[in-house]
Amino acid sequence: MRGGDDPAGFTTQFQTRFYSTAIRRSDIQNGVCELDGDSISLRAGTQSVDIAVDTVTNLTIGTPPERFEDAFTQAVGIKFSPEDSSHVCFIEYDPEYADVFEYHLFAKSINGATGLVEFGAQKGGQQTDTAAQQVQVAIKPDRVVFTPETGGTKSIALGEIVNIQFGKRTIGGGKRDVIKVDHMNSHTRTTSYLSLTQTRLQRLFNRYLRTEYAQLQAEIEETNVSEAETQLVVGYYTTHDLTQTMHALTDGNTSEFEALYEQALDHGLVTHPDDGVGLTQKGKMLANTELDTVNT
């Protein structure tokens, strides 16, 4: 795969199995999936499906529909509407190309979308700073970035989200579909409301945030994280000082702390020292969840 963090610049091709209602009397096909910044092409002999990214109305990742449970352990579901028709496609999930579906396709669809956002802070039971702002949205691998019309940027890191809900709210003078995101900001629980102008993109935005949040949650739940590891990520997240955290946890015992850090590294909670000491998105979510539990 090429393209780095730029969804417009990536391209990839891999063997897969797929099913689509766009092929008449179709069954599950063995073929090739080709993706670039603008389209998804599926080929199986004379059978083919071409999906323009700008026609995608929904993406799902995970458990396949009941009728395909015997064929796919996991599947990527794509709903798309070319011209006046509507179709679905299910592609066998391949972890090696997970980022194509979990990031690039969402980013390609959503980046540049406009909407309204309330960056409200929840303090002492009162909502503050809730004036709605017109923004442009961009998805990055570890965060969502909002660029207000007034300039500057604000962002929500995926690892700082502690809860997501979808519903309706009056924002910008009208009742709209909104994504309510509870996230941590400087160790303070913050509640923001996100609403994109286009309904199709709002659905995709909601799906993306909920998918990434759920996957990080699942990874934490499936990992046998020790109490010492939890204290490590919370201590470092709170102080941003590795030496202070080491002294707090091991009374300055370097070898004991290095063994603990190695354990947290194996569990995907911290970054490798060669890449700079820090927390992964998974580590940040664990720290924020613990802090949020203590503060609520």
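Start by selecting glutamate 83, which is exposed, with a relative accessible area of 80%. Keep in mind as you click around that this is a predicted model. You'll find glutamate 83 in the loop that links strand E6 (75-80) and strand E7 (87-92). Check its backbone while you're there: phi is positive, about 55 degrees, although glutamate 83 is not a glycine.

From that loop, move on to the sheet. Colour the strands in the order E4-E3-E2-E1-E7-E6-E5 and you have an open sheet of 7 strands with antiparallel pairing. Now pick out strand E4 (47-52) and strand E5 (56-62), which stand at the edges; each has a single partner strand, so one side of each has no neighbour in the sheet.

Next, zoom in on E4 and strand E3 (residues 39-44), an antiparallel pair joined by 6 bridges. Select alanine 44 here, and opposite it in E4 you'll find glutamine 47.

Then show helix H1 (residues 98-110), which packs on the sheet. Its contacts are with strand E1 (12-20), strand E2 (29-35), E3, E5, E6 and E7. Compare directions too: that of H1 makes about 160 degrees with that of E5.

Last stop: histidine 240, in the loop between helix H3 (227-239) and helix H4 (242-250). Is histidine 240 buried or exposed? It's exposed, with a relative accessible area of 58%. Have a look at the phi of histidine 240 as well: it is near 55 degrees, a positive value in a residue other than glycine.

Methods: Residues numbered from 1 in each chain as written. Predicted model: local features only at pLDDT ≥ 70, side-chain atom pairs only at ≥ 80, totals over all residues. Heavy atoms only, no water. Helix = DSSP H or I, 4+ residues; strand = E, 2+ residues; numbered from the N terminus. Buried < 20%, exposed > 50% of the residue type's maximum accessible area, 1.4 Å probe, protein only. Pairing = 2+ DSSP bridges. Contact = heavy atoms within 4.5 Å. Axes fitted to C-alpha atoms, helices over the stretch in contact; angles between N-to-C directions.
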